Amino acid sequence: MTLMSDSPATNVPSDAGLVLAVDEVTPLTPTVRHVRLVASDGALLPSFTPGSHIVVTCGTGPEGQSRRNSYSLTGPGFEPDHYGISVRLEEDGRGGSRWIHSLRAGDRVQVSTPRSAFAPVLTARHHLLVAGGIGVTPILSHVRAAVQWGRSFEVHYVHREGDAAHLDDLEQLCGDRLHLHTGRDGFWEHMGPALLDQPIGTHLYACGPAALIDELTDRAGRAGWPGARVHYEHFGVGDLDPGEPFTAHLTRSGVDVDVASGVSLLEALESRGIAVPSLCRQGVCGECRLPVVNGDIDHRDLYLGAAEKEAGDCLMPCVSRANGPRLELDL
Amino acid sequence: MSVCMDTTSVPRWDEERSIAGGGRTFTILSFGDEAAEQARNLLPSFDGRRVDWMRLPAEWGDTAARVLRRQLDASRVGCRLVLVGSEAAVLAARAVAVAGGLVDEEIMPVPIDTADRAVYCAHCHTTHLAGVEVGRCTTCPNCRAELVVYHHVSRHHAAYLGYMIDAEER
């Protein structure tokens, strides 16, 4: 069967991603800018599932490699006329957000097609949505879909005073289903009872800093929420410890690759001309997964599950390292 | 009839008899006297948690479904459901619980007796109970079709698939 669509397919094919034009850049808060990306010929863009993100190529890093960051799409997902991303400037980051903040209308941007890693569960009876800071972006996408399809939901948004991106959008979409918090204590005073009083069939979704997600999943677990009801997406992966140097031995080619402290295994492999597919380069997307034959692994990614990490037969070379002097890879 | 145990949907109850930790409240449904005995033995394992124990007739029916739905409507996330009874009753209760919003990790099935099986007739879409082994035949009491009890269990219909033994020869 061949699927046909009325939408003109004039965008660049999916494996190469899309080249879009910046239509408008809008400051949302002192630190957050919203970038509206459109096809240069005005065509509709591929639809996406709520909570999806795109991987944006944000210029190049100091060693000349492409810098790619994942950003959640904030706009409507069905045959969209634009992709909207909202990016907080990370002063101490790797430079991706600074690159986004330097964009002007008319600039061209290389992006991936949307990827879904934080989708709503369609059988849920109620959606309990929790946003921390700029983690509001995928939550806004969930809210748009929930309103459109008449799903039961509520939003808890914790943010710094005067720094609430997309507050207008949420107020308009949610009405009294929006709960705002500016202080940590007030937020947990409110969330604690909320976790104890949700109807059967509720699913919990959270996006925010790791500390918020860790505490929320911990509290949910203690309130009896099974893992299948709890969904979260991390952002703002902090800079990792540079780590100890080690040697990666490639068993198929017999090559030894030295990985210095402060250099990722992925970067070390690339500098030896060994191509490894990669996207986010921060342990989130799972693209660069490599098979491990031997050696202890210091897993530092957010992608692999506990059982996979325990098995010790693969790692994410963009962030993870050897836990010892030597690691053998099936390469 | 060869059965691939890796792929068949026939329940492996020993593997399914587990439940996510951390439950705050427990509802036990026991179906019949023998199941009630078994449920009583389970009670000490829920010591310290709130437990609602409901004793129901051995055979699944409208009353049991009504009781379970009412209980689910009044429950909050954090509850667990324990089902003790014949395989047919456990499967039927599980189907209603999932339709009502529970997930597998919140349901502990404790089947006590698997002599009777619920068989879904693929021809007239009714379900009947029959003391029959998988791979053997039973007659559909509704449409009189002679059904093979196939090694497929629908969690939605809460029954084994039964299809006419000579369907392809007619």
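In chain B of this predicted model, the axes of helix α3 (residues 62–74) and helix α4 (residues 87–99) come within 10 Å and cross at roughly 35 degrees. Axes here are lines fitted to C-alpha atoms, for helices over the stretch in contact, and angles run from 0 to 180 degrees between N-to-C directions. Helices (H or I, at least four residues) and strands (E, at least two) are DSSP runs, numbered from the N terminus.

The crossing of α3(B) and α4(B) is right-handed; a crossing has that hand if the near helix is turned clockwise from the far one by less than a right angle, and is left-handed if anticlockwise. On the α3(B) side, B:A64, B:A65, B:L68, B:R69 and B:L72 meet B:A93, B:V96 and B:A97 of α4(B). The residues of this contact are seven nonpolar, no polar and one charged. Two residues are in contact if their C-beta atoms, placed from the backbone, lie within 7 Å. Ala, Val, Leu, Ile, Met, Phe, Trp, Tyr, Cys and Pro count as nonpolar, Asp, Glu, Lys and Arg as charged, and the others, Gly among them, as polar.

Chain A has a helix pair of its own: the axes of α2(A), residues 136–148, and α3(A), residues 167–174, come within 10 Å and cross at roughly 25 degrees. The crossing of α2(A) and α3(A) is left-handed. In α2(A), A:L140, A:V143, A:R144 and A:V147 meet A:D169, A:L170, A:L173 and A:C174 in α3(A). By class, six residues of the contact are nonpolar, none is polar and two are charged.

Domain bounds come from an automatic or database domain assignment. Chain B is assigned domain 1 (13–113) and domain 2 (117–169), and chain A is assigned domain 1 (14–111), domain 2 (126–234) and domain 3 (246–329). Two domain pairs are set out below.

| Domain pair | Distance between C-alpha centres | Residues in contact |
|---|---|---|
| Domain 1 and domain 2 of chain B | 26 Å | six residues of domain 1 with six residues of domain 2 |
| Domain 1 and domain 3 of chain A | 28 Å | four residues of domain 1 with six residues of domain 3 |

In chain B, the side of domain 1 that touches domain 2 has four nonpolar, no polar and two charged residues. In chain A, the side of domain 1 that touches domain 3 has one nonpolar, two polar and one charged.

Between the chains, 17 residues of chain A are in contact with 16 residues of chain B. The chain A side of this contact divides into seven nonpolar, six polar and four charged residues. The model scores ipTM 0.89 and pTM 0.83.

Confidence per residue is given as pLDDT, from 0 to 100. Chain B averages 93, with 98% of its residues scoring at least 70; chain A averages 89, with 93% at that level. Within chain A, confidence is lowest in strand β4 (residues 66–72), at a mean of 83, and highest in strand β8 (residues 153–158), at 98. Over residues 1–14 of chain A, pLDDT stays under 50, and the model has 14 contacts for this stretch beyond four places in sequence.

Residues are numbered from 1 along each chain as its sequence is written, and chains are lettered from A and ligands numbered from 1 in the order in which they are written. In this predicted model, local features need pLDDT of at least 70 and side-chain atom pairs count only at pLDDT 80 or more, while totals for chains, interfaces and linings use all residues.

Key: pLDDT = per-residue confidence, 0-100.
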